[in-house]
There are 2 protein chains.
Amino acid sequence: MQKHSTDSLRSIATEIFAACGTPREEAAIVAEQLVASNLMGLDSHGVLRIPQYVGWIQDGVIQPGAKITLVKESGGTAQVDCGLNFGQVGGQRAMEIAIAKAREYKIACVLVTNCCHVGRLGYFTQMAAEDGMFAMAFVNSSKYGHSVVPYGGVEGRIAPNPISYACPGPEHPLVSDMALSTTAHGKVVIYRNRGERLPEGWIVDASGKPSTDPNVLFDTPHGWILPAGGNVGYKGFAMLVLAEILAGTLTGKAITDEIPDGTNGACFVVIDISAFAPVEGFRDAIGIMTAYMKSAPPAPGFEEVLMPGELDFRIMRERRDKGIPIDAVTWQRIEATAKALQVPLAVMAQSSSASATAT
Amino acid sequence: MQKHSTDSLRSIATEIFAACGTPREEAAIVAEQLVASNLMGLDSHGVLRIPQYVGWIQDGVIQPGAKITLVKESGGTAQVDCGLNFGQVGGQRAMEIAIAKAREYKIACVLVTNCCHVGRLGYFTQMAAEDGMFAMAFVNSSKYGHSVVPYGGVEGRIAPNPISYACPGPEHPLVSDMALSTTAHGKVVIYRNRGERLPEGWIVDASGKPSTDPNVLFDTPHGWILPAGGNVGYKGFAMLVLAEILAGTLTGKAITDEIPDGTNGACFVVIDISAFAPVEGFRDAIGIMTAYMKSAPPAPGFEEVLMPGELDFRIMRERRDKGIPIDAVTWQRIEATAKALQVPLAVMAQSSSASATAT
């Protein structure tokens, strides 16, 4: 697989988004976040999205450069309307506001509406963690994304709403980012593309019968994703509902209200750790927790205990040194998108040379 | 099974705690919360605890009447030291502070340290919901309670830390209260006492091998509880870690620090819904969500989709009308505790007559 440097991927993404009308500064924000996902091995939220986002711009789903408006503000809370700008741009602005408010009020809650695909949620909580804060983030999706059944039900009623949290740690922040469904839709696509069976307990067919065949999610009638937890799946379901309440209901929207497909609601909660204890001591305590967890002997079939997000930072160190592998199909699509937008070949050439250095 | 009215159970509990040195007002708070648990069918957190708490008072674990001290306060945050008072007393005081702060700053975070067994966490989040607020609560336990393995490990490193959230709803608040482990220690005890096998996937033996035998948790060497999620158990584990960070690390304590056994740390986050949207609209939106979830056809083996906490409120309505059933063993233990404390028989007699009315 061809490997690329972060610099070259960033400049390609920036040029492509700029070429379809995104203010350069905002194009750079989106590019930075996509490449940061690739860097941590989270390729489903990386440059793979470039052709999709360009399509959304052309279809009017994403409104590049739309004004990010502070629509409500009171004490430690605020609400931001992204006007269908990139989720990456709206999310970053909202987290900046949340961090500033947490510095003033020691805890803050910022809601985000009308933002397009919010991307990797952990990027935003990690921003706060790198500023010495604790952050939680919750995201919901429009009803067209309701691919997960409620526990005990057999039709989709909720999206695989992600929950992320992050805080400072000794070597890198502790970052957790996941949905409390068994899986996300995109992950099932990957299994299908590879011709592999799914692990047990992830999906059911249209009648509610458990299946490990990823095609079941795309049959007519199609199947559904289960909340995490198996025979205690009401636990995963309750956490999916929590994200819906914070990222949706709290903004004044009912779960069945029409919101543009491809948009997300989000809720960021940030706590200023120093209101309670020195950040250095907190960081040490996270280090102690990490060592304590990892001191547990591995279970059969495992090599070690991993803390939330630990693997992502391990991949980041490796990819920073050795470059980011991008599969041929994804790369061809990005090249075709660049060509169609007449993004100067110089950029791609620059990228190739950068990637050559990185490999 | 003998049934009792809430009034009689409350007065018995109050008299017993008062008889061992608890200020009457605080005894009534503990009694109220225990009986509220029974009322909702959560008997493991109900009057069953009376003999245990009396034992803890006699052993100096619970310090009835200890001063609840506000040790830190800044913006929307505060930290409360309970001085080993009842968790019910400290928790209620902390939630009152959190609600008042949320009214002022629109969002608040209150940490609770040195409180004895916090009881039913949902009681506190429900308090906020009944005041028109959204609340989340997180609890951790001392390392002696670390009965849950980290995902991929084979020795306990974390407690079945509960997470609760609540918000206003159309008929009653929406209240979720659960640990993101597969089960709690007390639930395994119940299966053992009944001589029943556990559902699959809840526990492992000391070597990490899956088991459905509840005795495995009490063998030498003993087994462990798994985080919720099965083959995605890293999701349950990440939520258990979240509770530890908020209820433990944030207070300045490392997970391995010595804290008195039988005590909990807690973190309450309260959001003033009206900062974002009218509470009435929010309540309606929760009603719409509930109807939408429940409109999903039941899965094989289920009768209906239940929202988090829905069953508890259904039981509450039934028990309010028909009385609270208390099993004979629990009742004998409560009677013996009352007798040993020379709690006047009049109270028990009053209870019997009240229970007769209720049955």
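Nine of the ten residues of helix H5 (residues 121-130) of chain A are buried, so this helix is largely enclosed by the rest of the structure. Buried means that 20 or more other C-beta atoms lie within 10 Å of the residue's own; exposed means 12 or fewer, partly exposed falls in between, and C-beta atoms are placed from the backbone. Helices (H or I, at least four residues) and strands (E, at least two) are DSSP runs, numbered from the N terminus.

This is a predicted model, in which local features need pLDDT of at least 70, side-chain atom pairs count only at pLDDT 80 or more, and totals for chains, interfaces and linings use all residues. Residues are numbered from 1 along each chain as its sequence is written, while chains are lettered from A and ligands numbered from 1 in the order in which they are written.

Stay with H5(A). Its buried residues are A:Leu121, A:Gly122, A:Tyr123, A:Phe124, A:Thr125, A:Gln126, A:Met127, A:Ala128 and A:Ala129. They pack against H2, H4, strand S5 (133-141), strand S6 (162-167), strand S7 (174-179) and strand S11 (263-272) of chain A. After the helix comes A:Gly132, with a positive phi near 80 degrees.

Two of those neighbours also meet each other. Two packed helices are described by the angle between their axes and the distance between the axes. The axes of helix H2 (residues 24-39) and helix H4 (residues 87-105) of chain A come within 8 Å and cross at roughly 90 degrees. Axes here are lines fitted to C-alpha atoms, for helices over the stretch in contact, and angles run from 0 to 180 degrees between N-to-C directions. H2(A) is therefore roughly perpendicular to H4(A), a label for angles of 65 to 115 degrees; under 35 is roughly parallel, over 145 roughly antiparallel, and the rest oblique. H2(A) contributes A:Glu26, A:Ile29, A:Val30 and A:Gln33 to the contact, and H4(A) contributes A:Gln88, A:Val89 and A:Gln92. Contact means that the C-beta atoms of two residues, placed from the backbone, lie within 7 Å. These residues divide into three nonpolar, three polar and one charged. Ala, Val, Leu, Ile, Met, Phe, Trp, Tyr, Cys and Pro count as nonpolar, Asp, Glu, Lys and Arg as charged, and the others, Gly among them, as polar.

Now take chain A as a whole. It has eleven helices and twelve strands. Its radius of gyration is 21 Å, close to the 21 Å that the globule rule gives for 359 residues, so chain A is as compact as a globular protein of that length. The radius is taken over C-alpha atoms, and the rule is 2.2 Å times the number of residues to the power 0.38. Of the 359 residues, 59% count as buried. Among contacts with a separation of 6 or more, residues 24 or more positions apart account for 65%.

Next, the second chain. A rotation of 180 degrees with 0.0 Å of shift along its axis superposes chain B on chain A (RMSD 0.0 Å). That is the relation of a two-fold axis. In chain B, the C-alpha nearest the axis belongs to B:Gly229, 2.0 Å away. Superposition is by least squares on the C-alpha atoms of residues with pLDDT of at least 70 in both copies.

At the interface, 73 residues of chain B are in contact with 74 residues of chain A. Helix H8 (residues 279-294) of chain B supplies the largest share of the chain B side, eight residues. That side has 46 nonpolar, 19 polar and eight charged residues.
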